[in-house]
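Hi,

Here is the structure I promised to pass on to you. Please have a look at it first, and then read my notes below.

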Amino acid sequence: MKTDDKLLIRALRGETTPVPPVWLMRQAGRYLPEYRALREKAGGFLNLCYNPEHAVEATMQPIRRFGFDASILFSDILVVPHALGRDVWFETGEGPRLNPMAIGDAPPAFDPEPFHAHLKPVYEAVTGLRQSLPAETALIGFSGAPWTLATYMAAGRGKDEQAAARAWMYTDPDSFGALIDRLAEAVGQYLIRQIDAGAEAVQIFDSWAGALAPSAFDRYCVQPTTAIVETVRAAHPDTPILGFPRGVGASYADFLKATGVNGVSLDQGVSPEWAAQALQPHGTVQGNLEPMHMVTGGDALLRDVDRILAALSGGPFVFNLGHGITPQADPANVEALLRRIRG
Ligand code: 1CP
């Protein structure tokens with residue numbers, strides 16, 4: 001099937017499809033026994049990310065099991081700071097760790113040659129996936145957004161209210177702005193290479209955008225995303241781009257209009273009825289089921305699915321969760337979700 005005919009791509013180009021395409025953020029991962037087995041065999045998470053064969057297999061697992069309309073390349077946002085020369089490792093049972101940067105540090109240099117050499121296994125996984133995926137399944141590439149990447153680079157980890165990056169932006173805005181702009185440059189080139197390798201759409205994850213004050217939102221989220229969109233469009237004008245400024249509430253509307261993305265992925269804090277009137281006239285809406293339903297299931301799951309479908313099916317829409325599926329999720333609830341959407 002041609003890329004243009006795939007359900008996800010049609011929805012991202014603005015078409016209202018009879019049944020929405022569906023995929024789930026973090027659809028590959030620890031809630032699947034086959035993923036846990038693969039991770040064990042690979043001997044660690046980063047070995048999965050940097051081995052194209054393993055990355056292809058991890059990406060394929062949820063497609064085989066559930067038949068989602070789209071697959072997302074198995075990788076992580078932190079491969080970009082890693083490719084820029086920062087140390088990145090995974091603490092088992094905890095999560096990613098980086099060597100923290102200090103306020104005022106100069107941004108790492110962006111040297112395209114070693115950067116792309118480091119990320120070659122990612123590009124190879126993308127190409128391998130285009131050969132392995134079912135004909136109708138769209139392939140999404142992705143990157144972290146500059147702000148979210150900077151929060152990890154500043155703190156060396158997640159989960160601290162992004163305090164280190166927020167302190168840096170007010171203490172030394174020049175060096176923080178330089179870091180953000182350097183990351184925007186690297187992310188733009190990274191996404192172009194993923195599309196060159198076969199990605200049919202890309203998503204920019206700004207998972208911590210909700211930590212930005214309204215006065216900082218434009219400079220650190222909207223501006224770098226706009227720059228990335230311009231860079232990617234100059235090379236690949238037809239590839240749809242999704243943005244995910246998680247947690248920004250009403251500012252989703254400003255983000256959608258200002259950045260020029262084709263669509264926005266919504267967290268579960270936004271009402272689907274509001275999204276239908278404020279966002280759908282300007283682009284595709286993706287979302288936004290509460291991820292806890294994939295753990296708890298039952299009637300509460302079905303009620304929220306029905307509400308989202310009722311609100312958003314009249315316009316360009318991609319069904320997804322409001323954030324990634326968690327390790328505690330029950331695969332049976334994913335099946336129940338798909339039955340409810342597809343009938
Ligand atoms: O096996 C394991 O324990 C690793 C768990 C895991 C997985 C499966 C991590 C560690 N990353 C991933 C894959 C991943 N990460 C994907 C690919 C596949 C898919 O969606 O199926 C994607 C798109 C990401 C993106 C990602 N990584 C984000 C943005 C999206 C989001 O969830 O907000 C972020 C913030 C990260 C950082 C990260 N990587 C892993 C963890 C546990 C975290 C969060 C750490 C923290 O903030 O404390």
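Strand 8 covers residues 284–289, and asparagine 288 is part of it. The peptide bond between glycine 287 and asparagine 288 is cis, with omega at about -25°. Please keep in mind that all of this comes from a predicted model.

Another backbone detail concerns arginine 26. Its phi is near 60°, which is a positive value in a residue other than glycine. You will find arginine 26 in the loop that runs between helix 1 (7–12) and helix 2.

Arginine 26 also leads us to the ligand: one of its polar backbone atoms is 2.7 Å from a ligand oxygen atom. In aspartate 76, a polar side-chain atom is 2.7 Å from a nitrogen atom of the ligand, while in arginine 30 a polar side-chain atom is 3.4 Å from a ligand oxygen. On its own the ligand has 900 Å² of accessible area, and the protein covers 91% of that.

Who else is around the ligand? There are 24 residues around it, and those that come nearest are Tyr35, Arg39, Tyr152, Ser207 and His323. Sorted by class, this shell holds 14 nonpolar residues, five polar ones and five charged ones.

Now for the site itself. The ligand sits in the largest pocket, whose volume is about 1500 Å³. The lining of this pocket is made up of 45 residues, and Arg26, Arg30, Asp76, Phe90 and Pro96 are the closest to its centre. Several elements give two or more residues to the lining:

- the helices are helix 2 (33–42), helix 3 (45–49), helix 4 (52–66) and helix 8 (146–155);
- the strands are strand 2 (88–91) and strand 3 (95–98).

By class, the lining of the largest pocket divides into 20 nonpolar, 15 polar and ten charged residues.

Best wishes

Conventions
Residues numbered from 1 in each chain as written. Predicted model: local features only at pLDDT ≥ 70, side-chain atom pairs only at ≥ 80, totals over all residues. Heavy atoms only, no water. Near = heavy atom within 4 Å. Polar contact = N/O pair within 3.5 Å; in protein donor to acceptor, adjacent residues only side chain to side chain. Areas by Shrake-Rupley, 256 points an atom, 1.4 Å probe, with all protein chains shown as cover. 1 Å grid on protein atoms, 1.4 Å probe; cavity = no way out; pocket = protein on both sides within 12 Å on 5 of 7 lines; lining within 4 Å. Sits in = over half its atoms within 2 Å of the grid points. Nonpolar A, V, L, I, M, F, W, Y, C, P; charged D, E, K, R; others polar. Points joined across faces, edges and corners; volume = space filled by probe spheres on them. Helix = DSSP H or I, 4+ residues; strand = E, 2+ residues; numbered from the N terminus.
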